[in-house]
Structure formats: C-alpha cells, structure tokens
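Okay, everyone, thanks for coming.

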Amino acid sequence: MTDRQTPRLVRPKDDRMIAGVAAGLADRFGMSHGVMRLLFVISLILPGPQVLIYIVLWIIMPEES
C-alpha cells in the first residue's frame with residue numbers, strides 16, 4: 001500500500017488559458033500544462049467531439065478551492 005494520493009481532477013485558479021480544463025487534466029496526469037494544451041489544439045484538426053468534451057469537462061470539473 002502507498003501513501004501517495006492520486007491528484008484530484010480540478011480546474012486550477014491560476015495558470016488558466018480559457019477555463020483551466022487542460023491545466024487540470026495536465027496536473028491530474030502529471031504532464032506539462034503546455035504539452036496538454038498543444039495536444040488539445042492538435043486534436044482539433046481531427047474529426048470528433050473535442051470541443052464538446054472540453055465544454056462538458058468545464059461544467060463537471062470543480063474549481064480548485
């Protein structure tokens with residue numbers, strides 16, 4: 001058993017570009033905020049519901065307290 005806790009999935013109050021979704025996901029998965037934002041922007045050239053997923057995450061992810 002380990003003492004480490006998995007980071008919570010929350011939108012940070014600082015280091016936001018739009019809503020903090022990419023920064024929150026990056027913190028949760030241990031990635032750089034810039035890399036996560038770049039991956040999201042690159043994903044926009046592919047067909048799919050990326051923008052809809054971003055909006056849904058914006059709604060359901062709590063803001064950091």
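This is a predicted model: local features need pLDDT of at least 70, side-chain atom pairs count only at pLDDT 80 or more; totals for chains, interfaces and linings use all residues.

The protein chain has three helices and zero strands, and reading along the sequence you get α-α-α. The C-alpha trace spans about 40 × 20 × 20 Å along its principal axes. Of the 65 residues in the chain, 28% are buried. If you take contacts between residues at least 6 apart in sequence, 46% of them join residues at least 24 apart.

Let's go to H2. Which residues of H2 are buried? They're His33, Met36, Arg37 and Ser43. Looking down the axis of H2, those buried residues fall within an arc of 125°, so they line one face of the helix. And what do they pack against? That would be H1 and helix H3, which runs 50-60. While we're here, look at the start of H2: a side-chain oxygen of Ser32 comes to within 3.2 Å of the backbone nitrogen of Gly34.

The largest pocket has a volume of about 190 Å³. Two elements give two or more residues to its lining, helix H1 (21-29) and helix H2 (33-43). The lining residues include Val21, Ala22 and Ala23, along with Arg37, Phe40 and Val41. By type, the lining divides into eight nonpolar residues, one polar and two charged.

Last stop, Arg8. You'll find Arg8 in the segment before H1. Is Arg8 buried or exposed? Its relative accessibility is 58%, so Arg8 counts as exposed. Even so, Arg8 has partners: leaving out residues up to four places away in sequence, Arg8 touches Arg28 and Pro62. There's also Met61, which is 53 residues from Arg8 in sequence, with 9.9 Å between the two C-alpha atoms.

That's my tour, so let's open it up for discussion.

Definitions and conventions:
Residues are numbered from 1 along each chain as its sequence is written. Side-chain values use heavy atoms; hydrogens and water are left out. On a 1 Å grid over the protein atoms alone, a cavity is a set of points where a 1.4 Å probe fits but cannot get out, and a pocket is an open set with protein on both sides within 12 Å along at least five of seven lines; lining residues have an atom within 4 Å of a point. Grid points are joined across faces, edges and corners, and a volume is the space filled by probe spheres set on the points. Helices (H or I, at least four residues) and strands (E, at least two) are DSSP runs, numbered from the N terminus. Ala, Val, Leu, Ile, Met, Phe, Trp, Tyr, Cys and Pro count as nonpolar, Asp, Glu, Lys and Arg as charged, and the others, Gly among them, as polar. Buried means under 20% relative accessible area, exposed over 50%, partly exposed in between (1.4 Å probe, protein chains only). The arc is that of the directions from the helix axis to the C-beta atoms. Contact means heavy atoms within 4.5 Å. A polar contact is a pair of N or O atoms within 3.5 Å; within protein, one must be able to donate a hydrogen and the other to accept it, and residues adjacent in sequence count only if both atoms are side-chain atoms.
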